[in-house]
Amino acid sequence: PDAQTIEVQAPKVELTLQDPRDINAVADAVVRQAGQEGSINVDAKVKNLFGADRRLSLNTAEFDVHAKVDRLPMELIDQLANTRGKVVALIGPTLAAQVQAIGKLDNLSVQTQADAEHFNLDGRVVMTDAGIEVKETPGANLTITPDALAMLIDGARIAQPIQVQARVTRLSLPRAADGSVDIGQLAAAVEASVSDADITLPKLGVVTLRDAGAQVKTDALAKRVDATASVQAGVNQNTGSLKLAAAVNNLLAAGGKVDYARADVSLNASAASVPTAVVDELLSLDKLLTTSLGDVINASVDGRVASFDKRGLGSMQIAMTTPLLQVKTQAEITEQDIHLTPGELLTYHLTPQTLAQWMPKDEQGQPTINLARSTTIVLTLDQAKLPRAGGTFEFDRATVGLHGAVDRVQLAGVDAIKDVWLQAVTMQVPETRLSELV
């Protein structure tokens, strides 16, 4: 029902091919939608694309290609993507862009540029006898306005626009003696950043973002690629940090093919003092995690997977601590299975306030049964194993064995048992298939 009629007129489309060694193409078009009018123009000349024997000859081809878009209605893109105004709000009502490629393949310059009210992109790539490289630090900028953010996140408010930037600070691909390029020798660096922002959300209050950025770099794509990302985030002056670092070693073999026999991936992710309320809001849990875990979360994941030709071999360590919960475990990945290292898995401090949130309430809104005092639950893993055959996990054969202990349980809310408590309660689950437990 909100769709607008798209009108395209192409009064001029010409292709001149009197001589295969001299090709000319010209096209002009007009695009109209929602009261806006834009134009598309292409003027391309290609000489010596074919030799005297009329065979394709890219090495001798000379390019002089110009393409231009002026005031293209972004409502067109918005309608095609069915984003209900989000593209227009982010980018702006119209877009102007141009691309030009001039020269031979051994000396070719490709320039790109795009401009809109809230977005711009500019870059230049040069191809020479030595290889391919970028010039003039190509990059893109996006300004997220208050109106655009409100459309992306319902009810979100900001006083100042948010700036998002991305830059290619390095890109080079050398040529071999025969003129070919080896993608494994690609060297590149890409950086992205988001300006500091204070975002007001209806349920959370003020969410702060500080020092948000990411980077991907490689000195030789075949040997190693590194990626990092980090941000400081806070809710109502409670601030935490998120960090991610990943690396891929021995990614490519000769010829640019993925080296499954030698490639390996390592990952390190950490969250320090992250407000639990943010996670509650993102997952729509209505303060469940804040009540159950405490105000902040600290977590880390360290892992490494190698030998992809054997469908993954490696290990992973996971740890999480909150004011009420501590979890830690280590997983080993082998050709036969994934198994967890035996040991203390979980310690949880169950408080009366937490249990009160879970229990049914009486007519006065009080929990029918509650704890008279906090208690600690410890869960210890004896074994956990997920078998695999031919790289396929066999979930029906997964097994687990564990035991747990509770230091002291004293209930409140029921007069008949208010003076009764349980001391040093233990439980054990012997090695059992998960399918049987379920």
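Trainee: Why is Thr351 called buried?

Mentor: Buried means under 20% relative accessible area (over 50% is exposed, in between is partly exposed; 1.4 Å probe, protein chains only). Thr351 comes in at 13% relative accessibility, so it counts as buried. Keep in mind that this is a predicted model, where local features need pLDDT of at least 70, side-chain atom pairs count only at pLDDT 80 or more, and totals for chains, interfaces and linings use all residues. Residues are numbered from 1 along each chain as its sequence is written, and side-chain values use heavy atoms, with hydrogens and water left out.

Trainee: How confident is the predictor in the chain?

Mentor: The chain averages a pLDDT of 87 (the predictor's confidence in each residue, from 0 to 100), and 95% of the residues score at least 70. Helix α7 (residues 434-437) is the lowest, at a mean of 72, while strand β11 (residues 187-194) is the highest, at 96. Helices (H or I, at least four residues) and strands (E, at least two) are DSSP runs, numbered from the N terminus.

Trainee: Back to Thr351: what makes its link to Thr354 a polar contact?

Mentor: That takes a pair of N or O atoms within 3.5 Å; within protein, one must be able to donate a hydrogen and the other to accept it, and residues adjacent in sequence count only if both atoms are side-chain atoms. The side chains of Thr351 and Thr354 make theirs at 2.9 Å, so the distance passes the cut-off. Thr351 itself is in the loop between β21 (343-350) and α6 (352-358).

Trainee: Which residues does Thr351 contact beyond its neighbours within four places in sequence?

Mentor: Leu324, Leu371 and Ser374, where contact means heavy atoms within 4.5 Å.

Trainee: And Gln33, why is that called buried?

Mentor: Gln33 has 2% relative accessibility, so by the cut-off above it is buried. Gln33 lies in strand β2 (residues 22-33).

Trainee: What makes the lining of the largest pocket nonpolar, polar or charged?

Mentor: Ala, Val, Leu, Ile, Met, Phe, Trp, Tyr, Cys and Pro count as nonpolar, Asp, Glu, Lys and Arg as charged, and the others, Gly among them, as polar. By that scheme, the lining of the largest pocket has 17 nonpolar, one polar and three charged residues.

Trainee: How does the lining of the second largest pocket split by class?

Mentor: Four nonpolar, three polar and five charged residues. Among those lining the second largest pocket are Lys203, Asp280 and Glu281, and α4 gives the most, with three residues.

Methods:
1 Å grid on protein atoms, 1.4 Å probe; cavity = no way out; pocket = protein on both sides within 12 Å on 5 of 7 lines; lining within 4 Å.
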